[in-house]
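Thanks, everyone; let me put the model on the screen before I say anything about it.

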Amino acid sequence: MKQIKVTVWNEYRHEKHNEHVKGIYPEGIHNAIGGYLKTIEGLEVGTATLDEPEHGLTDDVLNNTDVLIWWGHLAHHEVRDDIAEKVRDRVLQGMGLIVLHSGHASKVFEKLLGTKTGALKWRDDGEKERIWVIEHGHPIADGLGEYIEIPKEEMYGERFEIPAPDELVFISWFEGGEVFRSGCCYRRGKGKLFYFRPGHETFPIYHQPEILHVIKNAVHWAAPTQGAAASYGRVEPIENRSK
């Protein structure tokens, strides 16, 4: 079985400067997610963070990544435009991308979707969230029940300024009454993109087994698949190409 090469990217700022967050994720959100994924057969997992040279996303790293997982919040503006553009190009070439929680406002997500993806309602009151599965036959929902319940989470509410997803796997409901499109699948070029809403840093979301299970399923869904070869630019007529 071919190994799927996964890179978990995290801006890694809250864990350094907020003692509460550090207590939940002492090794960083990237290592909480990456540590789980390393236990899954068939996955080869690395991590990268904002303050590394080139944000840890060198050409060598990106060219050897099948699926990139992205978590950001405080420092979207610090991500270099050229790095965000490189990530976008790799997705168009076939790399899978999983954007988590407040990564919705990242440069990478906005470049790929083409809208003001940072626009939504929010309320950080630690409300109960139910993430309802609405596509039970989708591979990202494999192994789940009807819903995932998170005891305390930040609320995100509609309107969420994204294009209509190609496939909508999850919808969230919050105690305050809001709903939100929480599991959105897109195809961009040759690549597959999944946005998954939960993951506020002040709650232990990435220690919850069902959440990690979804991320694992999403990695397998987003991994590149082989297809027909493509060519671009000026070409000879079909009948002349073998001459």
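This is a predicted model: local features need pLDDT of at least 70, side-chain atom pairs count only at pLDDT 80 or more; totals for chains, interfaces and linings use all residues.

Residues are numbered from 1 along each chain as its sequence is written, and side-chain values use heavy atoms, with hydrogens and water left out.

Let me begin with helix α3, residues 29–37, and helix α7, residues 209–222, which pack at an angle of about 70 degrees with their axes 10 Å apart; the axes are lines fitted to C-alpha atoms over the stretch in contact, and angles run from 0 to 180 degrees between N-to-C directions. That angle makes α3 roughly perpendicular to α7, a label that covers 65 to 115 degrees. On the residue level, I33, Y36 and L37 of α3 meet L212, H213, I215, K216 and V219 of α7, where contact means heavy atoms within 4.5 Å. The residues of this contact divide into six nonpolar, one polar and one charged.

Turning to the lining of the largest pocket, which residues lie nearest the pocket's centre? They are Q93, G94, P224, T225 and Q226, out of 22 lining residues. Both α5 (81–93) and β9 (191–196) supply at least two residues each to that lining.

Lastly, the backbone: a cis peptide bond joins E158 and R159, with omega about 15 degrees, and R159 lies in the loop between β6 (147–157) and β7 (167–174). E54, in the loop between β2 (43–49) and α4 (59–63), has a positive phi, near 55 degrees, although E54 is not a glycine.

Technical notes. Helices (H or I, at least four residues) and strands (E, at least two) are DSSP runs, numbered from the N terminus. Angles under 35 degrees count as roughly parallel, over 145 as roughly antiparallel, 65 to 115 as roughly perpendicular and the rest as oblique. Ala, Val, Leu, Ile, Met, Phe, Trp, Tyr, Cys and Pro count as nonpolar, Asp, Glu, Lys and Arg as charged, and the others, Gly among them, as polar. On a 1 Å grid over the protein atoms alone, a cavity is a set of points where a 1.4 Å probe fits but cannot get out, and a pocket is an open set with protein on both sides within 12 Å along at least five of seven lines; lining residues have an atom within 4 Å of a point.
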